Amino acid sequence: MHNAAFKSAGIDAQYGVFEIPENELQHFFKHVKNEPIYGLSISLPYKEEVMKYLNVIDNDAKAIGAVNTVTNRGGILYGYNTDFIGCVSAIKEIIPSLKNKRVVVVGAGGASRAIIYGLLKEGAKVYVFNRHKEKAEKLKEDFSKIFKEKIIVGDLTEMLSTGKSDLLIHATSTWITNPNMTIDELENFLPLRFVEKFDFVMDIVYKPLITPLLKVARELKKQFITGEKMLLHQAAEQFKIWTNQNAPVDVMRKALEDNVLE
Ligand code: ATR
């Protein structure tokens, strides 16, 4: 995506991959400042740990508690989070405004924190349900200090009594740990009668693109948002941070579709 974007914008830059073991992270950040490396994407599992090696962290990333984008400006490292913008932009492809929309998020891990932050910033009414309710409560405590919007939290059983809502976002790591989930297991986790309550359904996983939940949403004739949309839009925002130019989103979308998706 990024190399296609650089080429299309006539920017002489290259995007590559560094695989860095945990014990070399500090060393890497000490030296990267002096290299001709102008930006970095940070992926799992370093989005939180990386913060201690940066000089400046913007307010959104600080509130979320994770950095996925770094710029190197003359040896000073700045940290940002574009995941929350990526999520909001992905949703806005089919829901133009989130103001006062009822949105249910399943999961309260690192990915959910960025998503929920984005939703609250857009004025949505957010309901968070997590297997371990304490984690959702901690998230509510953190974000209640920043946003006046009320956040409702609960466990996965309480989730089932949610009323009719606009959007369901699945943001747990369930499909990754259990890729071959049976229909019975899915019915136990996210029952059909629950999915039926939503107009729109979104999953943040893009492998597989059509997750077990999205299969159900498709059968129920719901509009749905696949996970690569968030990947695309968070990358577009990274391009903007690194280059001070708007991203060629359609070029990036095509590169993503051609190279990443099955
Ligand atoms: P990520 O950065 O992808 O969000 P994470 O921080 O490890 O990863 O969070 C994983 C999320 O998936 C959590 O909300 C986790 O629930 P718990 O906090 O209760 O552990 C959720 N999760 C993982 N496996 C799950 C499962 N089998 N059923 C329900 N939720 C699950």
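The model is predicted, and local features need pLDDT of at least 70, side-chain atom pairs count only at pLDDT 80 or more, and totals for chains, interfaces and linings use all residues. Residues are numbered from 1 along each chain as its sequence is written, and side-chain values use heavy atoms, with hydrogens and water left out.

Helix α2 spans residues 25-32, and its buried residues are L25, F28, F29 and V32. Helices here are DSSP runs of H or I with at least four residues, strands are runs of E with at least two, and both are numbered from the N terminus. Buried means under 20% relative accessible area and exposed over 50%, with a 1.4 Å probe and protein chains only. Viewed down the axis of α2, the buried residues fall within an arc of 90°, so they line one face of the helix; the arc is that of the directions from the helix axis to the C-beta atoms. The face turned away from this buried side carries the exposed residues Q26, H27 and K30. The buried residues of α2 pack against β1 (39-41), β3 (69-73) and β4 (76-80), where contact means heavy atoms within 4.5 Å.

A nonpolar core is a set of buried Ala, Val, Leu, Ile, Met, Phe, Trp, Tyr and Cys residues joined through side-chain atoms within 4.5 Å. The largest has 35 residues, of which I91, L119, V128 and I169 touch the most other members. Helix α5 (residues 110-121) gives the most to this core, with six residues. A second, separate core of 20 residues includes F129, L186, L213 and L214.
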